[in-house]
Amino acid sequence: FGGNPAVADTETYSGTDYSEVNNLTTGRYALGGWGTQTSAITAGGFNPPNPPGATNFVEQYNGSSWTETTEVNTARFDCSSFGTYNAMKLVGGATGPGSPNTTAFVEDWNGSAWTETTDLPTARQEHSSWGITTAGAIVGGSNDSTPTMTNETLEWDGSSWSEGGD
């Protein structure tokens, strides 16, 4: 979903082909998302109208259509997420053009609301993540002090972040 330039297109994969389904309600790109083909959630993203900027939009997918829901506390793009449809972490990202804009913010989704939780030890954007809300990891990405990509791994054990193997 999403893309650059910002679009609202959504396609599902049947195992052999992609097909167009109901689109996001707001076109944007560089957003975080997680879920399955029948229950997904997407948060944040970059909204390119003038002036461009990070968004705090959140939409849920029920297998046939997207619905706007409770917004994240901090607008951002180039973030990642991990977890499930009703228990997700939105991790890091950038808050806008210019420097510094990379964030260490982490927010938890409980199926109806976002709560700010334990920040990353270092700000990160453009990274990958995986796991569940009680055991996850992020890898790679960049931050304002090191604008080149990194191989650093951060691990979440359900209560705190720690440095993992690079």
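Visitor: In which sense do E11 and strand E12 pair?

Guide: First, this is a predicted model, where local features need pLDDT of at least 70, side-chain atom pairs count only at pLDDT 80 or more, and totals for chains, interfaces and linings use all residues. Residues are numbered from 1 along each chain as its sequence is written, and side-chain values use heavy atoms, with hydrogens and water left out. Strands here are DSSP runs of at least two residues, numbered from the N terminus, and two of them pair if DSSP finds at least two bridges between them. E11 and E12 (residues 114-116) share 3 bridges, and the sense is antiparallel.

Visitor: Which residue in the turn of that hairpin has a positive phi?

Guide: E11 and E12 have 4 residues between them. The one with a positive phi, about 105°, is glycine 111.

Visitor: Which residue in E12 is the bridge partner of glutamate 107?

Guide: Glutamate 107 sits in strand E11. Across in E12, its bridge partner is glutamate 116.

Visitor: And which side chain meets glutamate 107 in a salt bridge?

Guide: A salt bridge is a side-chain nitrogen of Lys or Arg within 4 Å of a carboxyl oxygen of Asp or Glu. Here the N to O distance is 2.5 Å. The partner lies in the loop between strand E8 (66-68) and strand E9 (80-84), 31 residues apart from glutamate 107. That partner is arginine 76.
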